[in-house]
Amino acid sequence: MSDAKILVLNGPNLNLLGQREPTVYGHATLADLEALCHATAAAQGAEVECRQSNHEGVLVDWIQEAGVRHRAGQLAGVVFNAGAYTHTSVALHDAIKGSAVPVIEVHISNVHAREAFRHHSYLSPAAAGIVVGFGFDGYALAIDGLLRKARSANV
Ligand code: DQA
(Lines give C-alpha, C1' and ligand atoms only; values in the text may rest on other atoms or scores of the structure.)
Protein backbone atom coordinates (compact mmCIF):
# COMPACT_ATOMS: atom_id res chain seq x y z
CA MET A 1 0.00 0.00 0.00
CA SER A 2 1.02 3.62 -0.36
CA ASP A 3 2.28 5.00 2.96
CA ALA A 4 2.57 8.55 1.69
CA LYS A 5 -0.50 10.07 3.28
CA ILE A 6 -1.45 10.74 6.90
CA LEU A 7 -4.58 12.39 8.25
CA VAL A 8 -4.01 14.74 11.23
CA LEU A 9 -7.19 15.27 13.23
CA ASN A 10 -7.63 17.80 16.03
CA GLY A 11 -10.71 17.78 18.21
CA PRO A 12 -12.57 20.31 20.37
CA ASN A 13 -11.01 23.61 21.43
CA LEU A 14 -7.77 22.96 19.57
CA ASN A 15 -8.83 25.70 17.15
CA LEU A 16 -8.15 28.01 20.13
CA LEU A 17 -4.45 27.14 20.35
CA GLY A 18 -2.45 30.32 20.86
CA GLN A 19 -5.10 31.97 23.03
CA ARG A 20 -6.24 28.97 25.09
CA GLU A 21 -4.43 28.43 28.44
CA PRO A 22 -0.99 29.40 27.05
CA THR A 23 0.78 28.18 30.18
CA VAL A 24 -0.42 24.65 29.30
CA TYR A 25 -0.57 24.71 25.48
CA GLY A 26 1.88 27.51 24.54
CA HIS A 27 1.46 30.57 22.35
CA ALA A 28 1.58 28.99 18.90
CA THR A 29 -1.59 28.56 16.87
CA LEU A 30 -3.33 25.66 15.13
CA ALA A 31 -1.99 27.03 11.83
CA ASP A 32 1.55 26.84 13.27
CA LEU A 33 0.90 23.26 14.38
CA GLU A 34 -0.43 22.26 10.97
CA ALA A 35 2.62 23.86 9.29
CA LEU A 36 4.87 21.71 11.52
CA CYS A 37 2.93 18.60 10.46
CA HIS A 38 3.22 19.46 6.76
CA ALA A 39 6.98 20.12 7.10
CA THR A 40 7.56 16.90 9.08
CA ALA A 41 5.78 14.77 6.49
CA ALA A 42 7.39 16.54 3.52
CA ALA A 43 10.86 15.87 5.00
CA GLN A 44 10.03 12.15 4.78
CA GLY A 45 8.54 12.23 1.31
CA ALA A 46 5.04 11.98 2.75
CA GLU A 47 2.00 14.21 2.96
CA VAL A 48 -0.48 15.20 5.66
CA GLU A 49 -4.04 16.39 5.45
CA CYS A 50 -5.09 18.42 8.54
CA ARG A 51 -8.62 18.85 9.85
CA GLN A 52 -10.15 20.20 13.09
CA SER A 53 -13.65 19.87 14.48
CA ASN A 54 -15.40 20.66 17.75
CA HIS A 55 -18.03 18.01 17.01
CA GLU A 56 -17.79 14.38 18.13
CA GLY A 57 -19.93 12.98 15.28
CA VAL A 58 -17.83 14.76 12.66
CA LEU A 59 -14.70 13.18 14.18
CA VAL A 60 -16.42 9.75 14.07
CA ASP A 61 -17.24 10.32 10.38
CA TRP A 62 -13.63 11.27 9.63
CA ILE A 63 -12.25 8.16 11.40
CA GLN A 64 -14.66 5.98 9.41
CA GLU A 65 -13.59 7.73 6.19
CA ALA A 66 -9.94 7.13 7.18
CA GLY A 67 -10.72 3.41 7.58
CA VAL A 68 -12.09 3.24 4.04
CA ARG A 69 -9.05 5.07 2.65
CA HIS A 70 -6.66 2.87 4.67
CA ARG A 71 -8.28 -0.31 3.33
CA ALA A 72 -7.95 1.12 -0.18
CA GLY A 73 -4.21 1.62 0.41
CA GLN A 74 -4.52 5.41 0.25
CA LEU A 75 -3.76 6.33 3.87
CA ALA A 76 -1.08 5.13 6.31
CA GLY A 77 -3.10 6.18 9.33
CA VAL A 78 -4.30 8.99 11.56
CA VAL A 79 -2.57 11.25 14.09
CA PHE A 80 -5.38 12.18 16.45
CA ASN A 81 -5.67 14.65 19.32
CA ALA A 82 -9.28 14.18 20.39
CA GLY A 83 -9.03 16.87 23.11
CA ALA A 84 -11.56 16.38 25.88
CA TYR A 85 -13.40 13.66 23.91
CA THR A 86 -10.41 11.47 24.78
CA HIS A 87 -11.78 11.22 28.30
CA THR A 88 -15.47 10.78 27.44
CA SER A 89 -16.03 9.19 24.03
CA VAL A 90 -16.95 5.54 23.67
CA ALA A 91 -18.10 6.50 20.15
CA LEU A 92 -14.56 7.47 19.12
CA HIS A 93 -13.15 4.28 20.69
CA ASP A 94 -15.66 2.25 18.66
CA ALA A 95 -14.92 4.23 15.48
CA ILE A 96 -11.18 3.52 15.74
CA LYS A 97 -11.75 -0.19 16.43
CA GLY A 98 -14.48 -0.49 13.80
CA SER A 99 -12.51 1.18 11.02
CA ALA A 100 -9.28 -0.68 11.85
CA VAL A 101 -7.16 2.29 10.79
CA PRO A 102 -3.89 2.78 12.71
CA VAL A 103 -4.37 5.79 15.00
CA ILE A 104 -1.64 7.50 16.99
CA GLU A 105 -3.18 9.31 19.96
CA VAL A 106 -1.45 12.61 20.73
CA HIS A 107 -1.71 15.06 23.62
CA ILE A 108 0.21 18.31 23.74
CA SER A 109 0.27 18.34 27.54
CA ASN A 110 1.19 15.48 29.86
CA VAL A 111 -2.38 14.54 30.74
CA HIS A 112 -1.12 12.24 33.53
CA ALA A 113 0.39 15.18 35.39
CA ARG A 114 -2.92 17.07 35.30
CA GLU A 115 -6.40 16.64 36.82
CA ALA A 116 -7.53 13.06 37.57
CA PHE A 117 -10.33 13.25 34.97
CA ARG A 118 -7.65 13.53 32.25
CA HIS A 119 -5.86 10.32 33.32
CA HIS A 120 -8.28 7.96 31.61
CA SER A 121 -8.41 7.69 27.81
CA TYR A 122 -11.10 5.83 25.88
CA LEU A 123 -8.84 6.05 22.82
CA SER A 124 -5.67 4.45 24.22
CA PRO A 125 -6.91 0.80 24.15
CA ALA A 126 -7.82 1.24 20.47
CA ALA A 127 -4.71 3.24 19.48
CA ALA A 128 -1.67 1.89 17.65
CA GLY A 129 0.53 4.24 19.69
CA ILE A 130 0.40 7.15 22.11
CA VAL A 131 2.51 10.34 22.36
CA VAL A 132 1.91 12.50 25.41
CA GLY A 133 3.52 15.61 26.86
CA PHE A 134 5.95 16.68 24.11
CA GLY A 135 4.08 19.83 23.13
CA PHE A 136 3.60 20.37 19.39
CA ASP A 137 6.65 18.14 18.75
CA GLY A 138 4.44 15.20 19.73
CA TYR A 139 2.70 15.51 16.36
CA ALA A 140 6.06 15.28 14.56
CA LEU A 141 6.98 12.22 16.64
CA ALA A 142 3.61 10.64 15.84
CA ILE A 143 3.98 11.28 12.09
CA ASP A 144 7.49 9.78 12.15
CA GLY A 145 6.26 6.78 14.16
CA LEU A 146 3.31 6.14 11.86
CA LEU A 147 5.54 6.27 8.78
CA ARG A 148 8.07 3.91 10.41
CA LYS A 149 5.26 1.49 11.24
CA ALA A 150 3.77 1.67 7.75
CA ARG A 151 7.14 1.33 6.03
CA SER A 152 8.30 -1.59 8.18
CA ALA A 153 4.99 -3.37 7.52
CA ASN A 154 5.71 -3.08 3.81
CA VAL A 155 9.09 -4.87 3.85
C1 DQA B 1 -5.31 17.68 25.28
C2 DQA B 1 -5.53 17.23 26.72
C3 DQA B 1 -7.02 17.10 27.01
O4 DQA B 1 -7.21 16.70 28.36
C5 DQA B 1 -7.71 18.43 26.80
O6 DQA B 1 -9.10 18.30 27.02
C7 DQA B 1 -7.43 19.03 25.48
C8 DQA B 1 -6.06 18.96 24.96
C9 DQA B 1 -3.81 17.93 24.99
O10 DQA B 1 -3.47 18.03 23.82
O11 DQA B 1 -3.00 18.05 25.92
O12 DQA B 1 -8.28 19.63 24.86
O13 DQA B 1 -5.74 16.65 24.41
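These questions and answers explain the terms used for this predicted model.

Author: Residues are numbered from 1 along each chain as its sequence is written, and side-chain values use heavy atoms, with hydrogens and water left out. In this predicted model, local features need pLDDT of at least 70 and side-chain atom pairs count only at pLDDT 80 or more, while totals for chains, interfaces and linings use all residues.

Reader: What makes β1 and β2 a pair of strands?

Author: Strands are DSSP runs of E, at least two residues, and helices are runs of H or I, at least four residues, both numbered from the N terminus. Two strands pair if DSSP finds at least two bridges between them. Six bridges join β1 to β2, so they pair. These two strands run parallel.

Reader: What makes β1 and β3 a pair?

Author: Five bridges join β1 to β3, also with parallel direction. Isoleucine 6 shows both links: its bridge partner in β2 is valine 48, and in β3 it is glycine 77.

Reader: Which bridges join β3 to β4?

Author: Three bridges join β3 (residues 77-81) to β4 (residues 103-107), and the strands run parallel. Valine 78 has valine 103 as its bridge partner in β4. Phenylalanine 80 stands opposite glutamate 105 in β4.

Reader: What is the strand order of the open sheet?

Author: The order is β2-β1-β3-β4-β5, five strands with parallel pairing. β2 (47-52) and β5 (129-132) each have a single partner strand, so one side of each lacks a neighbour in the sheet. Neighbouring strands are turned by 20 degrees against each other on average, direction ignored.

Reader: Why is β4 called largely enclosed?

Author: Buried means under 20% relative accessible area, exposed over 50%, and partly exposed in between (1.4 Å probe, protein chains only). Five of the five residues of β4 are buried, so the rest of the structure largely encloses this strand. Val103, Glu105 and His107 point one way, Ile104 and Val106 the other. In a regular strand the side chains alternate between the two faces of the sheet.

Reader: How do you know that β1 is mostly covered?

Author: Five of the six residues of β1 are buried.

Reader: Why are α3 and α4 called roughly parallel?

Author: Two packed helices are described by the angle between their axes and the distance between the axes. Axes are lines fitted to C-alpha atoms, for helices over the stretch in contact, with angles from 0 to 180 degrees between N-to-C directions. Under 35 degrees counts as roughly parallel, over 145 as roughly antiparallel, 65 to 115 as roughly perpendicular, and the rest as oblique. The axes of α3 (residues 56-71) and α4 (residues 90-99) cross at roughly 10 degrees and come within 9 Å. The two helices are therefore roughly parallel.

Reader: Which residues make the contact of α3 with α4?

Author: Contact means heavy atoms within 4.5 Å. From α3 come Glu56, Leu59, Val60, Ile63, Gln64, Gly67 and Arg71; from α4 come Ala91, Leu92, Ala95, Ile96 and Ser99.

Reader: What is buried in α3, and what does it pack against?

Author: The buried residues of α3 include Leu59, Val60, Trp62 and Ile63. Its buried residues pack against β1, β2, β3, α4 and β4. Glycine 73 follows α3, with a positive phi near 75 degrees.

Reader: How do you know that the span of α5 is close to the one expected?

Author: The expected span is 1.5 Å times one less than the number of residues. α5 has 17 residues and reaches 24 Å from its first C-alpha to its last, close to the expected 24 Å.

Reader: Where does α5 lie?

Author: Helix α5 (residues 137-153) lies across β1 (5-10), β2, β3, β4 and β5, at about 160 degrees to β3. Among its buried residues are Tyr139, Ile143 and Leu146. Their cover includes α2 (30-43) as well as β1, β2, β3, β4 and β5.

Reader: Is histidine 87 called buried or exposed?

Author: Histidine 87 has a relative accessible area of 14%, so under the 20% cut-off it is buried. Its place is in the loop between β3 and α4. Leaving aside neighbours within four places in sequence, histidine 87 is in contact with Val111, Phe117, Arg118, His120 and Tyr122.
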